[in-house]
Amino acid sequence: MYGLVNKAVEGLVVSQFGRPTWDRIRKRAGIEDEEFIGMETYPDDVTYRLVGAASEVLGLPPDKVLEAFGEYWTLYTAQEGYGEMFKAGGNSMREFLGNLNAMHGRVELIYPKTILPHFRCEDQADGSWWLHYQSSRQGLAPMVVGLIRGLAKMFGETIEIAQIADRTQGAPEDVFSIRRLA
Ligand code: HEM
C-alpha cells in the first residue's frame with residue numbers, strides 16, 4: 001500500500017500514545033525506515049506487520065486496531081489535503097457511500113499504482129442499507145467498520161453498523177448493514 005496508509009497508522013499511534021510507543025511498534029514490526037514516504041508504495045505486509053505489532057504493544061485485538069485506524073483515516077485524509085474530495089462525495093453518509101467508488105477513482109489519478117476495493121450500496125425496504133465490500137486484500141473488514149464510524153462523525157449522523165456477511169467465515173464478500181438512527 002502507499003506510504004500514506006502507513007503514515008496514517010503512525011499518526012494514530014503518535015497522537016494517542018506518543019512517539020516512544022510508535023518507535024517500539026515500528027521496531028517490533030521489523031521496520032528500519034524512520035519515515036514513510038506518502039507517494040511511495042510498500043508491500044502490504046509492512047502495513048499488516050505494523051497492525052500486528054501495534055496490537056501486541058498496545059494489548060488490543062488486531063480487529064480493534066484496524067477499526068481505530070479506519071476511524072482515524074477519515075480524520076487524517078481530511079487533514080492531509082483530501083478534505084475537498086470528502087466534500088465532493090456528498091452531504092450525507094448514504095450519498096457518500098453511493099459515490100465512494102467514484103471518489104476512490106479520483107484517488108487513483110493521484111496514486112496510480114493503488115489497488116482499490118469496490119463498494120456497492122443496496123437500499124433495504126426498512127430504510128437501512130447494505131454495504132457490499134470487495135477487496136483483493138484479506139482481513140480489512142474491521143477497518144471498514146471504523147471508516148463508517150468516522151464518516152458518521154464527519155456528517156454528524158448517529159448510525160448502527162453490523163457485519164452480516166464475513167469473508168473470514170467463507171462468505172464470498174463482506175457485507176455490512178447500516179442504519180441511520182439520527
Ligand atoms: C479522501 C479520502 C480517501 C482517500 C484519499 C483514500 C485513499 C486510499 C488509498 C491511497 C488507499 C490505499 C490503496 C493502495 O495503496 O493500494 C485506500 C485504501 C482503502 N480505502 Fe480509501 N481513501 C479515502 C476514503 C475512504 C473511505 C471513506 C472509505 C470507506 C469505506 C475507504 C475505504 C478504503 C479501504 C477499505 C481500503 C483498503 C484497501 C482494500 O480494501 O483493498 N477509503 N484508500
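**A cavity, a pocket and an iron atom**

Visitor: Hi! By class, what residues are in the lining of the largest cavity?

Guide: There are 8 nonpolar residues, 1 polar residue and no charged ones. Here Ala, Val, Leu, Ile, Met, Phe, Trp, Tyr, Cys and Pro count as nonpolar, Asp, Glu, Lys and Arg as charged, and the others, Gly among them, as polar. This is a predicted model, where local features need pLDDT of at least 70 and side-chain atom pairs pLDDT 80 or more, while totals for chains, interfaces and linings use all residues. Residues are numbered from 1 along each chain as its sequence is written, and side-chain values use heavy atoms, with hydrogens and water left out.

Visitor: What's a cavity, and what's a pocket?

Guide: On a 1 Å grid over the protein atoms alone, a cavity is a set of points where a 1.4 Å probe fits but cannot get out. A pocket is an open set with protein on both sides within 12 Å along at least five of seven lines, and lining residues have an atom within 4 Å of a point.

Visitor: Which residues line the largest cavity?

Guide: Met1, Val5, Thr47, Tyr48, Val51, Leu66, Phe69, Leu140 and Met143 do. Helix α3 (44–58) gives the most, with 3 residues. Helices (H or I, at least four residues) and strands (E, at least two) are DSSP runs, numbered from the N terminus.

Visitor: Switching to the largest pocket, what is its volume?

Guide: The largest pocket has about 710 Å³. A volume is the space filled by probe spheres set on the points, with grid points joined across faces, edges and corners.

Visitor: What does the iron atom of the ligand have as a donor from the protein?

Guide: A single one, His104, whose NE2 is 2.1 Å away. Donors are N, O and S atoms within 2.8 Å of the metal (3.2 Å for Na, K and Ca), and water is not among the atoms, so sites may look incomplete. His104 lies in helix α6 (residues 100–110).

Visitor: How many residues surround the ligand?

Guide: There are 26 (each with a heavy atom within 4 Å). The closest are Tyr2, His104, Ile115, Tyr133 and Ser135. A polar side-chain atom of Tyr133 lies 2.6 Å from an oxygen atom of the ligand, and a polar backbone atom of Ile115 is 2.8 Å from one.

Conventions: A polar contact is a pair of N or O atoms within 3.5 Å; within protein, one must be able to donate a hydrogen and the other to accept it, and residues adjacent in sequence count only if both atoms are side-chain atoms.
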